[in-house]
Amino acid sequence: MFDSGVGGLTVARAFMDQVPGFDVVYLGDTAHTPYGTKSPGTVTRYALEGIRFLLSRGAAMVIIACNTAAGVALDTLSAHFQLPILDGIGPAADHAVKATRNGRIGVIGTRTAVDSGVYEKRILAARPDIRVYTRSCPLLVPLVEEGWLKKPETRMIVKDYLRPLKVRRVDTLIMGCTHYPLLADIIQVKIGRRVVLVDPAAALAEHAGAFLDRNPTLAASLPKNGRLQVCVTDRTDRLQATAAAILRRKVDLTVVQL
Ligand code: DGL
């Protein structure tokens, strides 16, 4: 599993809950995080290095937890590597298309992910009549990483970001970033109780489970000791605590060089 940092542990948690047993090597590229403020070319270069590392650790299938990396680099990665590479954008878009009743879907994400236009593309490919409204929310990743999950300032900022989507009366909202599910309670209140929230972590975990069911030979060849190894490209004092808070359990981080 690959992510720009430790936020993607939301995906690791969802995957290990929904598809238990498989060993996961998680790489968080903390030396280069955040990806959401970087150019597509730079993010693609980092993602290529990340996947190469996972291959060197014996990965037979890769899950891209990071929405930004998936948004800008998936085509390049799929062309570059032979192994299956799964991402959460298609599955989240499909959930949203199924969930919407009024045909108005909102998408929030990092600036680079939103600017890539990838969610609109996937949604409109499935149903061209749907209206998609997007909003980048660059302050939310640092707020989550600071642990400001319940602060009034965070509520205010979320409200501000969501206002234009609320005005458009979206009835479904894709939380298109690894960190946003941790703000789901606030997001739900601010966008409105009736709006369906789509969590790409859950959608991706379900998609990965279904993929493994459809590929029993691959599934049987994977080690199944339920182990999670979390590798990072840089470690700071706070990182361990942030990772443990996201994963909701103690975790040891291994620092690696790409
Ligand atoms: N992992 C990124 C994403 O899901 C968020 C953090 C970052 O900007 O690197 O888009």
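Helix H1 (9-18) and helix H10 (200-214) each supply at least two residues of the lining of the largest cavity. The structure is a predicted model.

**The cavity**

- The count of cavities of 30 Å³ or more comes to one.
- The largest cavity has a volume of about 50 Å³.
- Its lining is made up of 13 residues, and those nearest the centre are Val 11, Ala 65, Asn 67, Pro 200 and Ala 201.
- Helix H10 gives the most to this lining, with three residues.
- Sorted by class, the lining of the largest cavity has eight nonpolar, four polar and one charged residues.

**The largest pocket**

- The volume of the largest pocket is about 410 Å³.
- The pocket is lined by 19 residues, and Asp 23, Val 24, Val 25, Ala 59 and Met 61 are the closest to its centre.
- Two strands, E2 (24-28) and E9 (228-232), each contribute at least two residues to the lining of the largest pocket.
- This lining consists of 13 nonpolar, three polar and three charged residues.

**Helices H2 and H3**

- Two packed helices are described by the distance between their axes and the angle between them.
- For helix H2 (residues 40-56) and helix H3 (residues 67-80), the axes come within 9 Å and cross at roughly 55°.
- H2 and H3 are therefore oblique to each other.
- The crossing of H2 past H3 is right-handed.
- On the H2 side, the contact is made by Pro 40, Val 43, Thr 44, Ala 47, Leu 48, Ile 51 and Arg 52.
- On the H3 side, the contact is made by Thr 68, Ala 69, Val 72, Ala 73, Thr 76, Leu 77 and His 80.
- The residues of the contact between H2 and H3 comprise nine nonpolar, four polar and one charged.

**Helices H8 and H9**

- The axes of helix H8 (residues 152-167) and helix H9 (residues 184-191) cross at roughly 45° and come within 9 Å.
- The relation of H8 and H9 is therefore oblique.
- H8 and H9 make a right-handed crossing.
- From H8, the residues that meet H9 are Thr 154, Arg 155, Val 158, Lys 159, Leu 162, Leu 165 and Lys 166.
- Their partners in H9 are Ile 186, Ile 187, Lys 190 and Ile 191.
- The contact of H8 with H9 divides into six nonpolar, one polar and four charged residues.

How values were computed. Residues are numbered from 1 along each chain as its sequence is written. This is a predicted model: local features need pLDDT of at least 70, side-chain atom pairs count only at pLDDT 80 or more; totals for chains, interfaces and linings use all residues. Side-chain values use heavy atoms; hydrogens and water are left out. On a 1 Å grid over the protein atoms alone, a cavity is a set of points where a 1.4 Å probe fits but cannot get out, and a pocket is an open set with protein on both sides within 12 Å along at least five of seven lines; lining residues have an atom within 4 Å of a point. Grid points are joined across faces, edges and corners, and a volume is the space filled by probe spheres set on the points. Helices (H or I, at least four residues) and strands (E, at least two) are DSSP runs, numbered from the N terminus. Ala, Val, Leu, Ile, Met, Phe, Trp, Tyr, Cys and Pro count as nonpolar, Asp, Glu, Lys and Arg as charged, and the others, Gly among them, as polar. Axes are lines fitted to C-alpha atoms, for helices over the stretch in contact, and angles run from 0 to 180 degrees between N-to-C directions. Angles under 35 degrees count as roughly parallel, over 145 as roughly antiparallel, 65 to 115 as roughly perpendicular and the rest as oblique. A crossing is left-handed if the near helix is turned anticlockwise from the far one by less than a right angle, and right-handed if clockwise. Contact means heavy atoms within 4.5 Å.
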